[in-house]
Amino acid sequence: MHLVRLALAWLALGFSNTAIAAAPVYDGQGNSYRISIDANARRAQVRADLWLAGDMLSMFNVMTVPGLADGQADLVEGLQVRDAAGTVLAPRKLGGGDYELAGGRRILVQYSVRLDHDKYAWPAGAEEIGYWTDEGLMITGASLLFADGGDAGITGPITVEFELPRGWRANTPWQRAPGAEKSATERFSVPSRRELLSNALFLGTADSETFDVGGVQMTLVLGNRYVPSKDLFLDLLRRQLESYKDLFGGKPLSSRYLVIINEDKSGDGGAFASSFSQYIAGDADERNRVIWGYVMAHELLHFWNGLSITPVDYHEEWFKEGATDYLTIATLARNGFIDENLLFKRLENVPRRYLIARMAQGLGMSVRDSGKDKQPNRQLVYGGGSLAAMALDVEMRVRSRDRVGLPDLMKALYAQYPMPGKRYSLDDIARIAGELTQSDFRPFLANAVESTGYFDIRPTYEALGLRMDSFVEEMFIGREPGATAQQKARFDAIFGAVSARSQ
Ligand SMILES: [Zn+2]
(Lines give C-alpha, C1' and ligand atoms only; values in the text may rest on other atoms or scores of the structure.)
Protein backbone atom coordinates (compact mmCIF):
# COMPACT_ATOMS: atom_id res chain seq x y z
CA MET A 1 0.00 0.00 0.00
CA HIS A 2 1.19 3.46 -0.75
CA LEU A 3 1.42 6.12 1.82
CA VAL A 4 1.28 9.16 -0.35
CA ARG A 5 0.22 12.30 1.32
CA LEU A 6 -0.48 15.90 0.79
CA ALA A 7 -0.99 17.70 4.04
CA LEU A 8 -4.45 19.20 4.04
CA ALA A 9 -3.19 21.96 6.25
CA TRP A 10 -1.29 23.47 3.35
CA LEU A 11 -4.52 24.30 1.69
CA ALA A 12 -5.42 26.52 4.58
CA LEU A 13 -2.49 28.79 3.76
CA GLY A 14 -3.40 32.09 2.14
CA PHE A 15 -2.59 32.66 -1.48
CA SER A 16 -2.76 36.37 -1.98
CA ASN A 17 -0.09 38.94 -1.45
CA THR A 18 -2.44 41.87 -1.38
CA ALA A 19 -1.85 44.72 1.00
CA ILE A 20 -4.37 45.58 3.66
CA ALA A 21 -6.11 48.85 2.86
CA ALA A 22 -6.45 49.97 6.47
CA ALA A 23 -3.95 52.38 8.05
CA PRO A 24 -1.13 52.35 8.97
CA VAL A 25 0.21 52.12 5.48
CA TYR A 26 2.78 49.51 4.50
CA ASP A 27 6.26 51.05 4.59
CA GLY A 28 7.34 49.46 1.29
CA GLN A 29 10.47 47.85 2.77
CA GLY A 30 9.70 44.20 1.94
CA ASN A 31 10.38 41.13 4.06
CA SER A 32 13.74 39.45 4.46
CA TYR A 33 14.79 36.26 6.20
CA ARG A 34 18.37 35.27 6.95
CA ILE A 35 18.88 31.64 7.90
CA SER A 36 22.24 30.44 9.27
CA ILE A 37 22.76 26.73 9.71
CA ASP A 38 25.20 25.20 12.19
CA ALA A 39 25.33 21.55 11.10
CA ASN A 40 27.35 20.38 14.12
CA ALA A 41 24.93 21.92 16.60
CA ARG A 42 21.91 20.90 14.44
CA ARG A 43 20.60 24.42 14.75
CA ALA A 44 19.25 27.16 12.52
CA GLN A 45 19.60 30.80 13.51
CA VAL A 46 16.84 32.89 11.93
CA ARG A 47 16.74 36.68 11.68
CA ALA A 48 13.77 38.23 9.94
CA ASP A 49 12.88 41.81 9.08
CA LEU A 50 9.15 41.74 8.38
CA TRP A 51 6.13 43.92 7.78
CA LEU A 52 3.38 42.61 10.06
CA ALA A 53 0.03 43.56 8.53
CA GLY A 54 -2.22 41.46 10.74
CA ASP A 55 -2.11 41.04 14.52
CA MET A 56 -0.57 37.59 14.44
CA LEU A 57 2.92 36.18 13.97
CA SER A 58 2.62 32.50 13.16
CA MET A 59 4.40 29.28 12.48
CA PHE A 60 2.08 27.42 10.07
CA ASN A 61 1.12 23.76 9.71
CA VAL A 62 2.04 23.02 13.32
CA MET A 63 1.14 19.44 14.36
CA THR A 64 1.09 18.06 17.87
CA VAL A 65 3.26 14.97 18.32
CA PRO A 66 4.33 13.07 21.45
CA GLY A 67 6.92 15.25 23.19
CA LEU A 68 5.97 18.44 21.32
CA ALA A 69 2.59 19.84 22.38
CA ASP A 70 2.97 22.76 19.96
CA GLY A 71 4.67 20.60 17.34
CA GLN A 72 7.31 22.34 15.23
CA ALA A 73 6.90 25.54 17.26
CA ASP A 74 8.27 23.75 20.34
CA LEU A 75 11.63 23.39 18.57
CA VAL A 76 11.92 27.20 18.46
CA GLU A 77 14.10 28.75 21.15
CA GLY A 78 14.82 32.32 22.25
CA LEU A 79 12.13 34.04 20.20
CA GLN A 80 12.72 37.78 20.41
CA VAL A 81 10.65 40.43 18.64
CA ARG A 82 11.53 44.14 18.41
CA ASP A 83 9.95 47.07 16.70
CA ALA A 84 11.77 49.21 14.12
CA ALA A 85 13.17 51.44 16.91
CA GLY A 86 14.72 48.40 18.61
CA THR A 87 12.25 48.24 21.49
CA VAL A 88 11.64 44.69 22.67
CA LEU A 89 8.01 43.67 22.23
CA ALA A 90 6.09 41.06 24.19
CA PRO A 91 4.00 38.93 21.81
CA ARG A 92 1.33 36.88 23.57
CA LYS A 93 1.75 33.14 23.04
CA LEU A 94 -1.56 31.63 21.92
CA GLY A 95 -0.29 28.08 21.30
CA GLY A 96 -0.24 26.15 18.06
CA GLY A 97 2.61 28.34 16.78
CA ASP A 98 0.59 31.57 16.99
CA TYR A 99 1.69 34.79 18.73
CA GLU A 100 -0.59 37.78 19.11
CA LEU A 101 1.13 41.06 18.41
CA ALA A 102 -0.20 44.45 17.29
CA GLY A 103 0.29 44.65 13.54
CA GLY A 104 0.53 47.47 11.02
CA ARG A 105 4.23 47.90 11.68
CA ARG A 106 7.71 46.63 10.95
CA ILE A 107 9.15 44.01 13.27
CA LEU A 108 12.56 42.38 13.69
CA VAL A 109 12.31 38.74 14.72
CA GLN A 110 15.14 36.57 15.96
CA TYR A 111 15.15 32.96 17.15
CA SER A 112 16.84 29.64 16.75
CA VAL A 113 15.37 26.31 15.71
CA ARG A 114 16.61 23.00 17.09
CA LEU A 115 16.81 20.90 13.93
CA ASP A 116 15.72 17.73 15.70
CA HIS A 117 12.58 17.20 13.61
CA ASP A 118 13.57 13.66 12.65
CA LYS A 119 13.49 12.59 16.30
CA TYR A 120 9.70 12.84 16.43
CA ALA A 121 6.86 10.75 14.98
CA TRP A 122 5.04 13.12 12.59
CA PRO A 123 1.66 11.81 11.41
CA ALA A 124 2.53 12.58 7.77
CA GLY A 125 6.14 11.37 8.04
CA ALA A 126 9.50 13.15 8.37
CA GLU A 127 9.65 13.68 4.59
CA GLU A 128 6.93 16.33 5.02
CA ILE A 129 8.67 18.12 7.94
CA GLY A 130 12.45 17.75 8.09
CA TYR A 131 15.27 15.20 8.41
CA TRP A 132 19.04 14.86 8.17
CA THR A 133 21.14 12.68 5.91
CA ASP A 134 24.95 12.54 5.94
CA GLU A 135 24.75 14.98 2.99
CA GLY A 136 22.70 17.66 4.72
CA LEU A 137 19.26 18.73 5.82
CA MET A 138 15.80 18.51 4.27
CA ILE A 139 13.49 21.04 5.87
CA THR A 140 10.22 22.68 4.90
CA GLY A 141 9.85 26.46 4.96
CA ALA A 142 7.04 26.13 7.50
CA SER A 143 9.27 24.20 9.93
CA LEU A 144 11.80 27.05 9.98
CA LEU A 145 9.99 30.33 9.51
CA PHE A 146 7.52 32.56 11.29
CA ALA A 147 5.36 34.69 9.01
CA ASP A 148 2.51 37.17 9.12
CA GLY A 149 -0.41 35.06 10.36
CA GLY A 150 -3.12 37.25 8.84
CA ASP A 151 -5.54 36.11 6.16
CA ALA A 152 -3.98 38.40 3.56
CA GLY A 153 -0.62 36.62 3.53
CA ILE A 154 2.64 38.52 3.47
CA THR A 155 2.61 42.15 2.34
CA GLY A 156 5.41 43.09 -0.07
CA PRO A 157 8.31 41.18 -1.62
CA ILE A 158 10.02 38.34 0.24
CA THR A 159 13.70 37.41 0.14
CA VAL A 160 15.43 34.50 1.84
CA GLU A 161 19.16 34.36 2.37
CA PHE A 162 21.13 31.35 3.59
CA GLU A 163 24.45 31.22 5.41
CA LEU A 164 25.53 27.61 5.13
CA PRO A 165 28.50 25.48 6.15
CA ARG A 166 31.38 25.43 3.65
CA GLY A 167 30.59 23.33 0.56
CA TRP A 168 26.83 23.34 1.09
CA ARG A 169 24.28 24.51 -1.44
CA ALA A 170 20.75 25.77 -0.86
CA ASN A 171 18.36 23.83 -3.12
CA THR A 172 15.01 25.59 -3.27
CA PRO A 173 12.23 25.91 -5.87
CA TRP A 174 12.61 29.70 -5.65
CA GLN A 175 14.20 32.12 -8.10
CA ARG A 176 17.67 33.43 -7.27
CA ALA A 177 17.48 37.08 -6.24
CA PRO A 178 19.05 39.61 -8.62
CA GLY A 179 22.74 40.03 -7.88
CA ALA A 180 22.78 36.92 -5.69
CA GLU A 181 25.56 35.29 -7.74
CA LYS A 182 28.05 37.92 -6.52
CA SER A 183 27.12 37.41 -2.90
CA ALA A 184 28.89 35.09 -0.48
CA THR A 185 25.49 33.84 0.69
CA GLU A 186 22.68 32.34 -1.38
CA ARG A 187 19.72 34.66 -1.79
CA PHE A 188 16.29 33.94 -3.27
CA SER A 189 13.13 35.87 -4.16
CA VAL A 190 9.93 34.18 -3.02
CA PRO A 191 6.60 35.13 -4.63
CA SER A 192 4.17 34.45 -1.75
CA ARG A 193 3.71 33.16 1.79
CA ARG A 194 2.46 29.90 0.36
CA GLU A 195 5.64 29.44 -1.71
CA LEU A 196 7.73 30.42 1.30
CA LEU A 197 6.17 27.96 3.74
CA SER A 198 4.69 25.16 1.61
CA ASN A 199 7.94 23.95 0.10
CA ALA A 200 10.65 21.43 0.84
CA LEU A 201 14.27 22.65 0.79
CA PHE A 202 17.51 20.70 0.79
CA LEU A 203 20.54 22.36 2.32
CA GLY A 204 23.76 20.40 1.92
CA THR A 205 26.16 18.66 -0.41
CA ALA A 206 23.81 16.16 -2.11
CA ASP A 207 23.90 15.78 -5.91
CA SER A 208 21.70 18.40 -7.53
CA GLU A 209 20.96 19.01 -11.21
CA THR A 210 18.34 21.11 -13.03
CA PHE A 211 16.62 19.88 -16.18
CA ASP A 212 14.13 21.33 -18.62
CA VAL A 213 11.28 18.85 -18.53
CA GLY A 214 8.60 19.85 -21.02
CA GLY A 215 9.13 23.55 -20.35
CA VAL A 216 9.24 23.08 -16.57
CA GLN A 217 12.54 23.71 -14.75
CA MET A 218 12.95 20.67 -12.58
CA THR A 219 15.76 20.35 -10.05
CA LEU A 220 16.48 16.85 -8.81
CA VAL A 221 18.28 16.57 -5.47
CA LEU A 222 19.34 12.97 -4.99
CA GLY A 223 20.77 11.25 -1.96
CA ASN A 224 24.00 9.43 -2.83
CA ARG A 225 22.30 6.05 -3.24
CA TYR A 226 19.97 7.42 -5.94
CA VAL A 227 22.45 9.21 -8.20
CA PRO A 228 22.86 6.09 -10.42
CA SER A 229 19.05 6.07 -10.91
CA LYS A 230 18.88 9.66 -12.17
CA ASP A 231 18.09 8.68 -15.78
CA LEU A 232 15.31 6.37 -14.65
CA PHE A 233 13.73 9.15 -12.58
CA LEU A 234 14.06 11.66 -15.41
CA ASP A 235 12.53 9.29 -17.95
CA LEU A 236 9.50 8.74 -15.71
CA LEU A 237 9.14 12.43 -14.82
CA ARG A 238 9.41 13.53 -18.47
CA ARG A 239 6.87 11.08 -19.84
CA GLN A 240 4.40 11.45 -16.99
CA LEU A 241 4.63 15.23 -17.21
CA GLU A 242 3.81 15.12 -20.94
CA SER A 243 0.78 12.92 -20.18
CA TYR A 244 -0.41 15.28 -17.44
CA LYS A 245 -0.08 18.32 -19.73
CA ASP A 246 -2.36 16.51 -22.21
CA LEU A 247 -4.72 15.43 -19.45
CA PHE A 248 -5.19 18.92 -18.00
CA GLY A 249 -4.68 20.85 -21.22
CA GLY A 250 -1.75 22.89 -19.95
CA LYS A 251 1.29 23.28 -17.74
CA PRO A 252 0.93 23.37 -13.95
CA LEU A 253 0.80 26.62 -11.98
CA SER A 254 4.52 26.70 -11.18
CA SER A 255 7.24 26.56 -13.79
CA ARG A 256 10.00 25.58 -11.33
CA TYR A 257 9.99 22.44 -9.26
CA LEU A 258 12.31 20.84 -6.78
CA VAL A 259 12.31 17.08 -6.22
CA ILE A 260 14.19 15.69 -3.19
CA ILE A 261 14.82 11.95 -2.92
CA ASN A 262 16.41 10.13 -0.02
CA GLU A 263 16.31 6.71 1.55
CA ASP A 264 13.84 5.56 4.17
CA LYS A 265 11.91 2.35 4.61
CA SER A 266 8.53 4.18 4.57
CA GLY A 267 8.82 4.82 0.81
CA ASP A 268 6.45 7.72 1.35
CA GLY A 269 6.18 11.07 -0.37
CA GLY A 270 4.65 14.50 0.12
CA ALA A 271 3.80 17.26 -2.36
CA PHE A 272 4.21 20.98 -1.70
CA ALA A 273 3.51 24.15 -3.68
CA SER A 274 6.53 23.75 -6.00
CA SER A 275 8.36 20.74 -4.65
CA PHE A 276 8.02 17.20 -3.55
CA SER A 277 9.89 15.18 -1.04
CA GLN A 278 10.12 11.44 -1.50
CA TYR A 279 11.58 8.54 0.41
CA ILE A 280 12.50 5.33 -1.38
CA ALA A 281 13.10 2.04 0.45
CA GLY A 282 16.41 0.61 -0.78
CA ASP A 283 17.76 1.03 -4.31
CA ALA A 284 15.61 2.43 -7.12
CA ASP A 285 15.69 0.31 -10.25
CA GLU A 286 13.31 -0.85 -12.97
CA ARG A 287 12.14 -3.84 -10.96
CA ASN A 288 10.79 -1.80 -8.04
CA ARG A 289 9.64 1.11 -10.23
CA VAL A 290 6.13 -0.21 -9.60
CA ILE A 291 6.57 1.20 -6.08
CA TRP A 292 8.80 4.30 -6.28
CA GLY A 293 7.54 5.26 -9.75
CA TYR A 294 3.98 5.20 -8.48
CA VAL A 295 4.75 7.54 -5.59
CA MET A 296 6.75 9.84 -7.89
CA ALA A 297 4.03 9.90 -10.57
CA HIS A 298 1.33 10.52 -7.93
CA GLU A 299 3.23 13.44 -6.37
CA LEU A 300 3.95 14.92 -9.81
CA LEU A 301 0.26 14.75 -10.70
CA HIS A 302 -0.52 16.80 -7.57
CA PHE A 303 1.20 19.77 -9.21
CA TRP A 304 -2.02 19.93 -11.24
CA ASN A 305 -4.67 18.13 -9.16
CA GLY A 306 -4.21 19.50 -5.65
CA LEU A 307 -2.02 22.54 -6.25
CA SER A 308 -3.12 24.08 -9.57
CA ILE A 309 -6.72 23.07 -8.87
CA THR A 310 -7.81 22.79 -5.25
CA PRO A 311 -11.12 21.92 -3.59
CA VAL A 312 -13.03 24.37 -1.41
CA ASP A 313 -12.60 22.12 1.64
CA TYR A 314 -11.87 18.61 2.96
CA HIS A 315 -15.08 17.17 1.46
CA GLU A 316 -13.39 16.81 -1.93
CA GLU A 317 -10.17 15.34 -0.53
CA TRP A 318 -11.40 12.08 -2.12
CA PHE A 319 -11.20 13.77 -5.53
CA LYS A 320 -7.81 15.33 -4.90
CA GLU A 321 -6.28 12.02 -3.80
CA GLY A 322 -8.58 9.54 -5.55
CA ALA A 323 -8.56 11.07 -9.03
CA THR A 324 -4.80 11.50 -8.62
CA ASP A 325 -4.35 7.83 -7.73
CA TYR A 326 -6.62 6.60 -10.53
CA LEU A 327 -5.09 8.86 -13.20
CA THR A 328 -1.61 7.87 -11.98
CA ILE A 329 -2.49 4.22 -12.63
CA ALA A 330 -4.00 4.98 -16.04
CA THR A 331 -1.07 7.11 -17.27
CA LEU A 332 1.61 4.71 -15.95
CA ALA A 333 -0.12 1.98 -17.97
CA ARG A 334 -0.45 4.18 -21.07
CA ASN A 335 3.23 5.08 -20.88
CA GLY A 336 4.26 1.44 -20.56
CA PHE A 337 5.68 1.78 -17.04
CA ILE A 338 3.37 -0.98 -15.83
CA ASP A 339 2.31 -3.99 -17.85
CA GLU A 340 -1.08 -5.65 -17.90
CA ASN A 341 -0.21 -7.89 -14.96
CA LEU A 342 0.80 -4.96 -12.73
CA LEU A 343 -2.13 -2.89 -13.97
CA PHE A 344 -4.58 -5.58 -12.90
CA LYS A 345 -2.88 -5.82 -9.50
CA ARG A 346 -3.31 -2.06 -9.15
CA LEU A 347 -6.96 -2.33 -10.15
CA GLU A 348 -7.41 -5.07 -7.55
CA ASN A 349 -5.84 -2.86 -4.87
CA VAL A 350 -8.36 -0.06 -5.44
CA PRO A 351 -11.48 -1.96 -4.25
CA ARG A 352 -9.39 -3.80 -1.65
CA ARG A 353 -8.44 -0.55 0.06
CA TYR A 354 -12.08 0.49 0.04
CA LEU A 355 -13.11 -2.87 1.51
CA ILE A 356 -10.45 -2.63 4.24
CA ALA A 357 -11.75 0.84 5.15
CA ARG A 358 -15.39 -0.20 5.26
CA MET A 359 -15.13 -3.74 6.64
CA ALA A 360 -11.85 -4.14 8.56
CA GLN A 361 -11.56 -0.58 9.88
CA GLY A 362 -15.33 -0.20 10.12
CA LEU A 363 -15.27 3.35 8.73
CA GLY A 364 -18.97 4.15 8.35
CA MET A 365 -18.84 7.74 7.14
CA SER A 366 -19.29 8.76 3.50
CA VAL A 367 -16.22 9.00 1.27
CA ARG A 368 -16.63 12.79 1.28
CA ASP A 369 -16.72 12.98 5.07
CA SER A 370 -13.63 10.77 5.41
CA GLY A 371 -11.48 13.68 4.20
CA LYS A 372 -12.02 15.52 7.47
CA ASP A 373 -9.57 13.23 9.26
CA LYS A 374 -7.37 12.20 6.40
CA GLN A 375 -4.56 10.25 8.05
CA PRO A 376 -6.63 7.77 10.10
CA ASN A 377 -9.19 7.50 7.28
CA ARG A 378 -6.68 7.25 4.47
CA GLN A 379 -7.91 3.91 3.14
CA LEU A 380 -11.34 5.42 2.59
CA VAL A 381 -10.02 8.73 1.22
CA TYR A 382 -7.64 7.04 -1.25
CA GLY A 383 -9.44 3.70 -1.80
CA GLY A 384 -12.99 5.07 -1.86
CA GLY A 385 -11.77 8.14 -3.73
CA SER A 386 -9.97 6.28 -6.52
CA LEU A 387 -12.88 3.84 -6.82
CA ALA A 388 -15.27 6.78 -7.23
CA ALA A 389 -12.97 8.54 -9.71
CA MET A 390 -12.70 5.40 -11.84
CA ALA A 391 -16.46 4.82 -11.71
CA LEU A 392 -17.04 8.48 -12.65
CA ASP A 393 -14.69 8.18 -15.64
CA VAL A 394 -16.38 5.02 -16.90
CA GLU A 395 -19.89 6.36 -16.29
CA MET A 396 -19.12 9.53 -18.25
CA ARG A 397 -17.83 7.40 -21.14
CA VAL A 398 -20.84 5.07 -21.06
CA ARG A 399 -23.36 7.95 -20.96
CA SER A 400 -21.62 9.91 -23.73
CA ARG A 401 -21.08 6.88 -26.01
CA ASP A 402 -17.35 7.25 -25.31
CA ARG A 403 -17.21 10.83 -26.47
CA VAL A 404 -15.97 12.24 -23.12
CA GLY A 405 -14.49 10.98 -19.86
CA LEU A 406 -12.67 12.10 -16.72
CA PRO A 407 -9.83 13.80 -18.70
CA ASP A 408 -12.41 16.19 -20.19
CA LEU A 409 -13.70 16.94 -16.72
CA MET A 410 -10.15 17.60 -15.46
CA LYS A 411 -9.51 19.98 -18.37
CA ALA A 412 -12.73 21.88 -17.63
CA LEU A 413 -11.90 22.11 -13.90
CA TYR A 414 -8.40 23.34 -14.73
CA ALA A 415 -9.78 25.94 -17.15
CA GLN A 416 -12.63 27.12 -14.91
CA TYR A 417 -11.13 26.90 -11.39
CA PRO A 418 -7.46 27.82 -11.69
CA MET A 419 -5.44 28.62 -8.61
CA PRO A 420 -4.69 30.97 -7.09
CA GLY A 421 -8.07 32.21 -6.14
CA LYS A 422 -10.64 29.77 -7.51
CA ARG A 423 -11.62 26.51 -5.89
CA TYR A 424 -14.05 23.80 -6.90
CA SER A 425 -16.69 21.85 -4.97
CA LEU A 426 -18.74 18.69 -5.59
CA ASP A 427 -21.42 20.86 -7.24
CA ASP A 428 -18.86 21.97 -9.83
CA ILE A 429 -17.82 18.38 -10.55
CA ALA A 430 -21.50 17.39 -10.93
CA ARG A 431 -22.27 20.39 -13.13
CA ILE A 432 -19.30 19.85 -15.47
CA ALA A 433 -19.92 16.08 -15.75
CA GLY A 434 -23.58 16.89 -16.46
CA GLU A 435 -22.76 19.46 -19.14
CA LEU A 436 -20.24 17.18 -20.84
CA THR A 437 -22.64 14.22 -20.97
CA GLN A 438 -26.00 16.06 -21.16
CA SER A 439 -27.20 14.11 -18.11
CA ASP A 440 -27.66 14.48 -14.35
CA PHE A 441 -24.63 13.30 -12.34
CA ARG A 442 -25.98 14.26 -8.89
CA PRO A 443 -27.55 10.85 -8.15
CA PHE A 444 -24.42 9.05 -9.35
CA LEU A 445 -22.13 11.14 -7.12
CA ALA A 446 -24.54 10.84 -4.19
CA ASN A 447 -24.24 7.07 -4.45
CA ALA A 448 -20.49 7.05 -4.99
CA VAL A 449 -19.25 9.58 -2.42
CA GLU A 450 -22.12 10.87 -0.26
CA SER A 451 -23.59 7.52 0.72
CA THR A 452 -22.53 5.53 3.77
CA GLY A 453 -23.43 2.27 2.04
CA TYR A 454 -21.18 -0.05 0.06
CA PHE A 455 -20.47 1.18 -3.46
CA ASP A 456 -20.53 -1.61 -6.04
CA ILE A 457 -17.61 -1.29 -8.47
CA ARG A 458 -18.40 -4.42 -10.53
CA PRO A 459 -20.52 -2.59 -13.16
CA THR A 460 -17.55 -0.27 -13.73
CA TYR A 461 -15.18 -3.16 -14.41
CA GLU A 462 -17.80 -4.84 -16.62
CA ALA A 463 -18.07 -1.71 -18.75
CA LEU A 464 -14.31 -1.96 -19.30
CA GLY A 465 -14.50 -5.57 -20.44
CA LEU A 466 -13.05 -6.79 -17.14
CA ARG A 467 -14.43 -9.08 -14.51
CA MET A 468 -13.71 -9.00 -10.85
CA ASP A 469 -14.06 -12.19 -8.87
CA SER A 470 -13.85 -11.66 -5.17
CA PHE A 471 -14.15 -13.51 -1.93
CA VAL A 472 -14.00 -11.16 1.05
CA GLU A 473 -10.63 -9.39 0.63
CA GLU A 474 -9.45 -11.56 -2.24
CA MET A 475 -9.92 -9.81 -5.54
CA PHE A 476 -8.99 -11.04 -8.97
CA ILE A 477 -9.32 -8.93 -12.06
CA GLY A 478 -8.99 -10.36 -15.54
CA ARG A 479 -10.28 -9.81 -19.04
CA GLU A 480 -13.85 -10.95 -19.63
CA PRO A 481 -13.76 -13.33 -22.64
CA GLY A 482 -17.22 -12.17 -23.70
CA ALA A 483 -16.36 -8.46 -23.63
CA THR A 484 -17.82 -6.39 -26.46
CA ALA A 485 -15.66 -4.45 -28.92
CA GLN A 486 -16.97 -1.25 -27.36
CA GLN A 487 -15.89 -2.33 -23.86
CA LYS A 488 -12.44 -3.30 -25.13
CA ALA A 489 -12.09 0.03 -26.96
CA ARG A 490 -13.08 1.84 -23.76
CA PHE A 491 -10.40 -0.02 -21.81
CA ASP A 492 -7.79 0.91 -24.45
CA ALA A 493 -8.93 4.55 -24.42
CA ILE A 494 -8.18 4.73 -20.69
CA PHE A 495 -5.19 2.44 -20.17
CA GLY A 496 -3.72 2.24 -23.67
CA ALA A 497 -3.02 -0.96 -25.47
CA VAL A 498 -1.17 -2.37 -22.45
CA SER A 499 1.27 -5.09 -23.27
CA ALA A 500 1.89 -8.27 -21.37
CA ARG A 501 5.31 -6.95 -20.37
CA SER A 502 6.43 -3.53 -19.21
CA GLN A 503 9.28 -1.68 -20.94
ZN1 LIG B 1 -1.53 12.49 -2.76
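In the predicted model, four strands form an open sheet in which the order is 10-11-17-14 and the pairing is antiparallel. In general, the strands of a sheet pair through backbone hydrogen bonds, and the pairing may be either parallel or antiparallel. For strand 14, the partner is strand 17, made up of residues 200-204, and the two are joined in the antiparallel sense over three bridges. Within this part of the sheet, Ala170 is placed opposite Leu203 of strand 17.

A second arrangement concerns two helices. Packed helices are described in general by the angle between their axes together with the distance between those axes. Helix 4, covering residues 289-301, packs against helix 5, covering residues 317-334, at an angle of about 120°, and their axes are 9 Å apart. Because angles of 65 to 115 degrees count as roughly perpendicular and those over 145 as roughly antiparallel, helix 4 and helix 5 are classed as oblique to each other. The crossing in which helix 4 passes helix 5 is right-handed. On the side of helix 4, the contact is made by Gly293, Tyr294, Ala297, His298 and Leu301, while helix 5 contributes Thr324, Asp325, Leu327, Thr328, Thr331 and Leu332. When the residues of this contact are sorted by class, five are nonpolar, five are polar and one is charged.

Key:
Residues numbered from 1 in each chain as written. Predicted model: local features only at pLDDT ≥ 70, side-chain atom pairs only at ≥ 80, totals over all residues. Pairing = 2+ DSSP bridges. Axes fitted to C-alpha atoms, helices over the stretch in contact; angles between N-to-C directions. Parallel < 35°, antiparallel > 145°, perpendicular 65-115°, else oblique. Left-handed = near helix turned anticlockwise from the far one by under 90°. Contact = placed C-beta atoms within 7 Å. Nonpolar A, V, L, I, M, F, W, Y, C, P; charged D, E, K, R; others polar.
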